Amino acid sequence: MGEEIRIEIESKNKGYPIFIGNSTSALIQKFIEENHKNKKVGIITDDNIKSLYENTISKSLNHLSPYLISIPAGEKNKTRETKERIEDMLLEKKYSRDTIIIAFGGGVIGDLAGFVASTYNRGISIIHVPTTLLAMVDSSIGGKTGVDTKYGKNLIGTIHQPDAVFIDLNFLNSLPKEEFLNGMSEIIKIAITSDKELFEFIEKNSKEILEKEENTLLYIIKRSIELKKEIIERDEEESGLRQTLNFGHTFGHAFENYSEYKIKHGFCISRGIAVESKISVLTENLKREEEKRIVSLLDKFSLPNKINEDINPNKIIDIMKVDKKTRNQKPRFVILKEIGRIKTKNKDFSFEIKEDIIKKAIETPK
Ligand code: ADP
Ligand code: ZN
């Protein structure tokens, strides 16, 4: 393969490397041979990815004789039942502690396989090979694992750091446009809160990004990961700084719940970015021109940012109040000072906002 980029995530408990390149299978094979010699390899994936990449896997990882476990695609399968099914398949084949899991897929597979690895035989190693843009820049990094229940998303899970993450840009070529844009929403989010230069780069290079021009993608993916790295390393307990990652998510998560999870995460977050930028303007923190710039960037990527659906703001506000990140039933928001910089005060990174302002932000046309 060509030059690969290596980013090291440092952590109190366990650090790990993230490799970014455009043909990482040789690297994966080498990594496992060097660090997990003689272990059995279980690859967990979904049916779509299996049908696209089964041949690639068997060609490139054949020395490792992997056991390929595939589940039906889609968030609705991210459940405790699927976790049990995967565990039974591994148990049936007598996979022991000497097993390494490869999570090969999008966020659903990463969360599920991570959860399996974290409890199988009291915890085994996992490496992530994210195949969606969202998983590359967001969900494969940070060690969050989990499944959904009828009571809500990601309510049961663990933190289980991977041994390594391998990001291969080639997988993006088969990714449907909608899934690509879904991931762009998180990249734009992190640029807005943490890096004006990245924001301006995305503004200038939107065409190249949409055409999946390799060096352009490499830069925005690498930069997003570096920014997330900085945030999670400086705040391992998710107490303070890590809330930065939640910009757009107070409204976004509530809207996702309100729409009964029929709208993809990134498209709820883009609406959340618009509403929470508006809140930042209404509370006199962000200039109106900057808010306009944010909304135009979302438009460039066809990311929804208008709340003109027939929605009931009171109902969404009620949902926000029971979000796990609220304190005393009061929804909290990350507030922008300007593009690339958020408001902080006495080590607080999120703020209570009066209900009439939240309502106004939801209701005003953008
Ligand atoms: P996310 O990463 O957004 O959480 P999922 O794991 O649900 O997403 O994956 C979204 C959809 O994209 C699934 O249907 C999955 O099978 C499909 N998919 C994932 N990676 C690829 C890829 N590289 N090419 C084509 N389809 C893919
Ligand atoms: Zn998100």
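A polar backbone atom of G107 sits 2.7 Å from an oxygen atom of ligand 1. That pair is a polar contact, which for us is two N or O atoms within 3.5 Å; within protein, one must be able to donate a hydrogen and the other to accept it, and residues adjacent in sequence count only if both atoms are side-chain atoms. The side chain of D46 has an N or O atom 2.8 Å from an oxygen atom of ligand 1. For T132, a polar side-chain atom is 2.6 Å from an oxygen atom of ligand 1. The protein buries 87% of the 570 Å² that ligand 1 exposes when taken alone. These areas come from the Shrake-Rupley method with a 1.4 Å probe, and for residues only the protein chains shown count as cover.

Before going on, the conventions. This is a predicted model, in which local features need pLDDT of at least 70, side-chain atom pairs count only at pLDDT 80 or more, and totals for chains, interfaces and linings use all residues. Residues are numbered from 1 along each chain as its sequence is written, chains are lettered from A and ligands numbered from 1 in the order in which they are written, and side-chain values use heavy atoms, with hydrogens and water left out.

Back to ligand 1. How many residues surround ligand 1? There are 17, and the closest are D46, G107, T131, T132 and S174; a residue counts as near if one of its heavy atoms lies within 4 Å of the molecule. By class, the shell has eight nonpolar, seven polar and two charged residues. Here Ala, Val, Leu, Ile, Met, Phe, Trp, Tyr, Cys and Pro count as nonpolar, Asp, Glu, Lys and Arg as charged, and the others, Gly among them, as polar. Helix 2 (47-60), helix 4 (107-119) and helix 6 (177-194) each give the shell at least two residues, and helix 2 has the largest share, with three. Helices (H or I, at least four residues) and strands (E, at least two) are DSSP runs numbered from the N terminus.

Next, the metal. Which residues coordinate the zinc ion, ligand 2? They are E186 through OE, H249 through NE2 and H265 through NE2, at 1.9 to 2.1 Å. Donors are N, O and S atoms within 2.8 Å of the metal (3.2 Å for Na, K and Ca), and water is not among the atoms, so sites may look incomplete. Along the chain, the donors follow the spacing E-x62-H-x15-H. H249 is in helix 10 and H265 in helix 11, 16 residues apart. H249 counts as buried because its relative accessibility is 5%, and H265 is buried too, at 17%. Buried means under 20% relative accessible area, exposed over 50%, and partly exposed in between (1.4 Å probe, protein chains only).

Now the loops. E260 lies between helix 10 (249-258) and helix 11 (265-282). Its phi is near 50°, a positive value in a residue other than glycine, and E260 is exposed at 56% relative accessible area. N38, in the loop between helix 1 (25-35) and strand 3 (40-46), is not a glycine either and has a positive phi of about 65°. N38 is exposed, at 73%.

Last, a hairpin. Strand 7 and strand 8 form one with two residues between them. Strand 7 (residues 147-149) runs antiparallel to strand 8 (residues 152-156), joined by two bridges; pairing requires that DSSP finds at least two bridges. T149 has G152 as its bridge partner in strand 8.
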